[in-house]
Amino acid sequence: MAQTLESVPTDAADLAGQAAFDRVIAADSRIEPRDWMPEAYRKTLVRQISQHAHSEIIGMQPEANWISRAPSLKRKAILMAKVQDEAGHGLYLYSAAETLGTPRQKMTEDLIAGKARYSSIFNYPTLSWADVGAIGWLVDGAAICNQVPLCRASYGPYGRAMVRVCKEESFHQRQGFEILLELANGTPAQKQMAQHAVNRWYAPSLMMFGPPDDDSPNSIQSMAWNIKRFSNDELRQRFVGMMVEQVEVLGLTLPDDQIRFNDETNKWEHGPLDWDEFKEVLAGRGPCNSQRLERRREAHEDGAWVREAAAAYAARKHAEQEGVA
Ligand code: FAQ
């Protein structure tokens, strides 16, 4: 039986493929879905992109919690649009991951079975309206800091998805900043609510960048493949520097008295983070892990009829086009 080069590559094809792949990476150019790529590169991308997609989808929950309680019609409309944007980001990312050969259904099944990761940050509760501002300012801010370099990721579909995602995240960050600014300039109780929200979201948002570099098993290889452009600590430090400036405009403070700019290393430094807490959250024992997964499972089950209807409609259209209906 004839077999394609893709399914059973010969050693010579593997060697040529690897050489072509290495040339593309060395030239800082792009790998596209039909190009030969090492299995480990494919696996790393599916891991990172699917985790990222899951984060966008699970990340809708903490903010959706406030849509019906946002303080005005305008705020409700803005928040609804933001949460819808996150759904769109998830869809671009699932599509990018599918180009690597993993079906979206498989990724979703892994998520709802609790086998897949999503960002630690979305396992914290949104206790007040100010939390919506803190998520926009800190969480979207950290997401932008992490994702702008991913626009140059070596895998074409991922980099291109990131360009669009980052444009929308910039708007999200501004809306979060604006919510906090208004609260910070409101009554003393509103200002206190804003400060409490910043106090709660600051450390978890720094942990979004991943473990410290000396405890990050994937960074070196991902950077060698031009997927990640900067290490976890480099991006975290850059983010702290950005927040230090912005928090002054807000008239609030960051809950970290050890932040300083180190003139010798030319880098921002921050106080210690609770990496045991991070590990607990990753192990599924954060404040909201079970609630987030339970809600996602319910939504998946509730949406079954939509998937069935879409599949039946597509089958009917296909039959009509084939002239068998
Ligand atoms: N949470 O070796 P590394 C958003 C895992 S989107 C959970 O350093 P890597 C938008 C990591 O997967 C937020 N797990 O890993 C929004 C690995 O485990 P594995 C999501 C984490 O991949 C805003 C292990 O630890 N953004 O916020 C986390 O080189 C508002 C070892 O770590 C992305 O996904 C974590 N924080 O670097 C939506 C960006 N950190 O897989 C709604 C793309 C690490 O070996 C509302 N991803 N782990 O079992 C990345 O840039 C990278 O994957 C990192 C981790 C930087 C997250």
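This is a predicted model: local features need pLDDT of at least 70, side-chain atom pairs count only at pLDDT 80 or more; totals for chains, interfaces and linings use all residues.
Reader: Noted. On to pockets: what volume does the second largest pocket have?

Author: About 610 Å³.

Reader: And which residues lie nearest its centre?

Author: Ile57, Met60, Gln61, Arg296 and Ala299, out of 26 residues that line the second largest pocket.

Reader: Which helices each supply at least two residues of that lining?

Author: Four of them do: H3 (60-64), H4 (73-98), H5 (104-112) and H12 (289-302). The largest share comes from H12, with six residues.

Reader: How does the lining split by class?

Author: Eleven residues are nonpolar, nine are polar and six are charged.

Reader: Switching to Glu86. Where is glutamate 86 found, and is it buried or exposed?

Author: Glu86 sits in helix H4. It counts as buried because its relative accessibility is 4%, under the 20% cut-off.

Reader: So what is glutamate 86 in contact with, leaving aside neighbours within four places in sequence?

Author: Its contacts are Glu56, Met60, Glu63, Asp140, Glu169 and His172. Met60 also turned up among the residues nearest the centre of the second largest pocket.

Reader: Now the largest nonpolar core. Which residues touch the most other members?

Author: Tyr41, Ile49, Trp137, Tyr155, Tyr158 and Leu254 do, in a core of 75 residues. Helix H6 (residues 129-147) gives the most to this core, with ten residues.

Reader: Let's zoom in on one. What does isoleucine 49 touch, not counting residues up to four places away?

Author: Ile49 touches Leu93, Ala96, Ala97, Leu100, Tyr155 and Tyr158. Tyr155 and Tyr158 are themselves on the list of core residues that touch the most other members.

Reader: Last one, Leu181. Which helix does leucine 181 lie in, and why does it count as partly exposed?

Author: Leu181 lies in helix H7 (residues 156-184). It counts as partly exposed because its relative accessibility is 27%, which falls between the 20% and 50% cut-offs.

Reader: What is leucine 181 in contact with, neighbours within four places aside?

Author: Val249 and Leu250. As for Leu252, its C-alpha atom is separated from that of Leu181 by 9.1 Å, with the two residues 71 apart along the chain.

Methods: Residues are numbered from 1 along each chain as its sequence is written. Side-chain values use heavy atoms; hydrogens and water are left out. On a 1 Å grid over the protein atoms alone, a cavity is a set of points where a 1.4 Å probe fits but cannot get out, and a pocket is an open set with protein on both sides within 12 Å along at least five of seven lines; lining residues have an atom within 4 Å of a point. Grid points are joined across faces, edges and corners, and a volume is the space filled by probe spheres set on the points. Helices (H or I, at least four residues) and strands (E, at least two) are DSSP runs, numbered from the N terminus. Ala, Val, Leu, Ile, Met, Phe, Trp, Tyr, Cys and Pro count as nonpolar, Asp, Glu, Lys and Arg as charged, and the others, Gly among them, as polar. A nonpolar core is a set of buried Ala, Val, Leu, Ile, Met, Phe, Trp, Tyr and Cys residues joined through side-chain atoms within 4.5 Å. Buried means under 20% relative accessible area, exposed over 50%, partly exposed in between (1.4 Å probe, protein chains only). Contact means heavy atoms within 4.5 Å.
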